[in-house]
Amino acid sequence: MTPLDETFPRALDALLSGATTLWLFEDGATRAAAERSAAEAGRAVRIRSAYKTLLHDVLEDGVLDGARRAVIRYPVLPGVAADRFRLECYPLHALVPDCEIAFVPDPQDGPGLPVYTVETEDARHSVPVPVRRRAGADGRTVLGACGWAARGDEGMPLETEYEAIFERACAAMRALPPDPAAPDGPFFPRLDVEVTLPVADMVLPVGHERISLAEAMHEEIYFAGLEIFRQRLGLPPGERSVRCGQIVPRVVIGDVPRLQMRLNAPEIEPPAPACPEPPDLGTVSHWLSPAEIAGHLDRIGGVPFAGRSRQGRAIPGRFVKGTGRAALAISGGQHANESTGIVGALRAARDLAAEGRASFTVTPLENPDGYAVFRALCRDRPHDMHHAARYTASGADLGHARDCPERNVRDRARAHLSAEVHLNLHGYPSHEWTRPLSGYIPEGFAGWTVPKGFFLILRHAPEAAALGRLVLDAALDALAACPEIAAQNRRMLSLYDRYVSERAFRVHAGCVPYVTGVEEGADYPVTLITEAPDETVDGAAFRLAQAAHARVVSAVAAVIG
Ligand SMILES: [Zn+2]
């Protein structure tokens, strides 16, 4: 691939002559400044947001100022997820706390843009949303947000730099030649994609929420890459074993919209010696470095073992033998942007080793190549979700690809201990996850777009139902008994319920959401997956999440004995 370096004209600079309203992917301050400049030049033009349009319109136009009650009728279109336009309003309730909002679906199937209607005690507002159907990354039709220019009631799509950058990146990935030596992938060792966007984030005064077109661009390019190479390899949509290579989209804020793409050799740092004085696990409130992880493993002791990642990094593990019945496999960092599970695994292992009863293996960092990407991306944007770091360097998900080299550490752990229960510590976005240009709701992850609390997933072999129930009950009770987790979960579930019409999960004691399922052919008879809303938090939220992972492991060890 010839390195690509292109700049893109900004739709804002054209301000299309004759248009009275424009919808652009620009932040509020920039749009307001452009409106003022146009006014000084004698031209009245309103510039609205093409992203989360209803939320911005309501706030910027003061639609709900002084209102105590409102009904928002949101469009429901044929072939589109029923909650899509409702989710686009998230988290409006929390931004207008004095107004009680009810959402009502409004099926629409006519020509023209979909329209929200906002009804208050004394007014009624219509809010059109600029979207258009277009070919998605893998050719399937999606309904994506788009720029729009209108004069009175007449309007048309307006291509913006945000859309153009995404389309150009997709075209370049579609054109990348396969590696003749690896016809099933990976296509390349590493593809760096650097995007410059002139759009500031908008921090919202609720949870860890932020409206960020920069973060959304990372998500769009990464998952579009998976979709493109999945289609090129003839794999079905949603297949997580696709091995495309390591795609690393980095988005920075700058004045000139720009896209740079280049194939690179992966950068492998020399192995760091174990940190002799790693931070106290009881108070760790930030992700750990590999040296700190190694330092904690040294303190835990036991029998060391290791796997090796695709890029050659060690995947460290320990086996500790106890005197009791419990035999556990504890793992973290399968998805390396879920960083609290790594600390939770170490903390649980430290506690179990000190008690001496449970036998266990611990592999706190199963995907060190992804973790290297995570740490690099956090240097620029420490609180984004960074899903590029979720996957292994081949592009495959460690949990879904049998031939992924990172799985060798699981084989080694099992060779040391044929555990009954696998505690697989994970996380998910701490704030809203969107793909504005590709249907808004990230395909394949519809249940994880908005935080819903510290969540549990139990899977068990058909013959291990009783053990599964025992493990699940212990974990549910342990979480419900933690006041901070219960409060966090209630707060998140309450917000979640306003924007998602049906819960696809059960809730224990009003505060611990969970699902269960039967799974054959897994590594262990019972797997309990913890899901902390941790991408990417630090401070008190991180401390709470890592402690909750450890609390679950302790409770499970205790109930088995
Ligand atoms: Zn995960």
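Guide: Start with a word. Contact means heavy atoms within 4.5 Å of each other. Helices (H or I, at least four residues) and strands (E, at least two) are DSSP runs, numbered from the N terminus.

This is a predicted model, where local features need pLDDT of at least 70, side-chain atom pairs count only at pLDDT 80 or more, and totals for chains, interfaces and linings use all residues. Residues are numbered from 1 along each chain as its sequence is written, and side-chain values use heavy atoms, with hydrogens and water left out.

Now the pair. Helix H8 covers residues 290–300, and helix H9 covers residues 340–355. Their axes are 9 Å apart, at an angle of about 15°. Axes are lines fitted to C-alpha atoms, for helices over the stretch in contact, and angles run from 0 to 180 degrees between N-to-C directions. That angle makes H8 roughly parallel to H9. Angles under 35 degrees count as roughly parallel, over 145 as roughly antiparallel, 65 to 115 as roughly perpendicular and the rest as oblique.

The crossing of H8 and H9 is left-handed. In a left-handed crossing, the near helix is turned anticlockwise from the far one by less than a right angle; clockwise gives a right-handed one.

Look at who meets whom. H8 brings Ile293, His296, Leu297 and Ile300. H9 answers with Ile342, Leu346, Ala349, Arg350 and Ala353. By class, this contact has seven nonpolar, one polar and one charged residues. Ala, Val, Leu, Ile, Met, Phe, Trp, Tyr, Cys and Pro count as nonpolar, Asp, Glu, Lys and Arg as charged, and the others, Gly among them, as polar.

Helix H6 (residues 161–175) and helix H7 (residues 213–232) have axes that come within 10 Å and cross at roughly 25°. H6 and H7 are therefore roughly parallel as well. Their crossing is right-handed. Among the contact residues are Tyr162, Phe166 and Met173 of H6, and Leu213, Glu220 and Phe229 of H7. The classes here are 14 nonpolar, one polar and three charged.

Now the metal. The zinc ion is coordinated by His335 (ND1), Glu338 (OE), Glu338 (OE) and His426 (ND1), at 2.0 to 2.4 Å. Donors are N, O and S atoms within 2.8 Å of the metal (3.2 Å for Na, K and Ca); water is not among the atoms, so sites may look incomplete. In sequence the donor residues are spaced H-x2-E-x87-H. The four donor atoms subtend angles of 56 to 148°, which makes the arrangement irregular. Four donors count as tetrahedral if all angles lie between 85 and 135 degrees; four count as square planar and six as octahedral if opposite donors are over 155 degrees apart and all others between 65 and 115; anything else is irregular.

Finish in the loops. Gly185 and Pro186 are joined by a cis peptide bond, with omega about -5°. Pro186 sits in the loop between H6 and strand S12 (190–197). Glu535 to Thr536 is also a cis bond, with omega near -20°. Thr536 is in the loop between strand S25 (526–535) and helix H14 (539–560).
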